[in-house]
Amino acid sequence: MTLDLSKYSVRTDLAIESKAFAEETLGAPISGLMEDIEEHDGIKVTRLDIQNEEASQKIGKIKGHYVTFEVPGLRTQDTELQDKVTQSFAKEFAQFLKTIGIKSEAKVLIVGLGNWNVTPDALGPLVVENIMVTRHFFELVPDQVNEGYREVSAVAPGVLGITGIESSEIVQGIVERTKPDLIIAIDALASRSLERVNTTIQVADIGIHPGSGIGNKRRGLTYEVLGVPCIAIGVPTVCYASTIVNNVFDLMNHHFSAETGGNQAQSKQIMGLLTELSENERLGLVKEVLEPLGHDLIVTPKEIDNFIEDIANIIASGLNQALHQAINDENVGAYTH
């Protein structure tokens, strides 16, 4: 019997996961992708450039620049590590702005997408709470603003279910009135790897589509929609139950293999035909079982309350440092005379 797995798409917002999935499916590297990986102090930074439409179609991600930070140690809530991630993020984001041609004096609108009443979806609003906004000073007392600060405004537009208005429509109205040169949208994402939940940050210059990671097709915040360059910053805070089950199969296989001294025959006696299926085939099988029952739930770790605040503080602090040259580690003082 041959299973048709084409209908079971892998739901992930992370470009590095889409790339890995596509290469595993195709059995070969994909041309048109440039990847650079750097690791230091427990922080893995992957810079991925999708250079042409062929590569874009193969991995299912829009052509553009992607930077991903993977920091498994964030689960330990190590404040020293959090500070290192903040500095790394700030440095990388400042370079990212230069790479895509954003000038130091560019006016920035930060949009915190998500529902502040739902913890895994509250990343955007939490980041906005901690952003250093300066636009009102530039508008009201421009002669009193110190050098080294740029015009930054921020908004958390809420979600369609609360406001009855698409986030992109709200942002479009703000853009028409305030005329920013750049939009930075922050949103919670979905991952196909449990290990990356709450430990990964992705930056991309392709904009963002609210709800895309959980299957919603919504009007996005993109250059095509808003007429302004849009950078997306996202953190996976949820994954599907099918992903967890699939990961458990992998963990069990590795465990039994270690217990039997690498004896594949004994492992197969325990795991059966599951050892012969690829990860993608196994995921498709799990979805085939769970989805008709409505059990392919969207899941988040029970420690999400602490994780979401920590990661929001990292992103907000990193953005403040990257956007305002006057801010450094030792001095984050007042930004007006």
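Contact, as the word is used in these legends, means heavy atoms within 4.5 Å. The structure is a predicted model, in which local features need pLDDT of at least 70 and side-chain atom pairs count only at pLDDT 80 or more, while totals for chains, interfaces and linings use all residues. Residues are numbered from 1 along each chain as its sequence is written, and side-chain values use heavy atoms, with hydrogens and water left out.

**View 1. Isoleucine 170 in helix H7.** Isoleucine 170 lies in helix H7, residues 167-178, where helices (H or I, at least four residues) and strands (E, at least two) are DSSP runs numbered from the N terminus. Leaving aside neighbours within four places in sequence, isoleucine 170 is in contact with Pro157, Thr163 and Ile165. With a relative accessibility of 22%, isoleucine 170 counts as partly exposed; buried means under 20% relative accessible area, exposed over 50%, and partly exposed in between, for a 1.4 Å probe and protein chains only. Between the C-alpha atoms of isoleucine 170 and alanine 156, which are 14 residues apart along the chain, the separation is 9.9 Å.

**View 2. Strand E5 and its pairing with strand E4.** Of the seven residues of strand E5 (residues 152-158), five are buried, so this strand is largely enclosed by the rest of the structure. Strands E4 (residues 108-113) and E5 run parallel and are joined by five bridges, where two strands pair if DSSP finds at least two bridges between them. Leucine 113 stands opposite glycine 158 in E5.

**View 3. The nonpolar cores.** A nonpolar core is a set of buried Ala, Val, Leu, Ile, Met, Phe, Trp, Tyr and Cys residues joined through side-chain atoms within 4.5 Å. The largest such core has 38 residues, and those with the most contacts inside it are Phe93, Ile184, Ile233 and Leu319. Helix H12 (residues 304-323) gives the largest share of this core, 10 residues. A second, separate core of 14 residues includes Val111, Val175, Ile183 and Leu221. Apart from neighbours within four places in sequence, isoleucine 184 has contacts that include Phe93, Val108, Ile233 and Leu319.

**View 4. Two loop residues with positive phi.** Aspartate 41, although not a glycine, has a positive phi of about 50°, and its place is in the loop between strand E1 (33-40) and strand E2 (43-50). Glutamine 77, also a residue other than glycine, has a positive phi near 55° and is found in the loop between strand E3 (64-70) and helix H3 (79-99). Glutamine 77 counts as partly exposed, at 35% relative accessibility.
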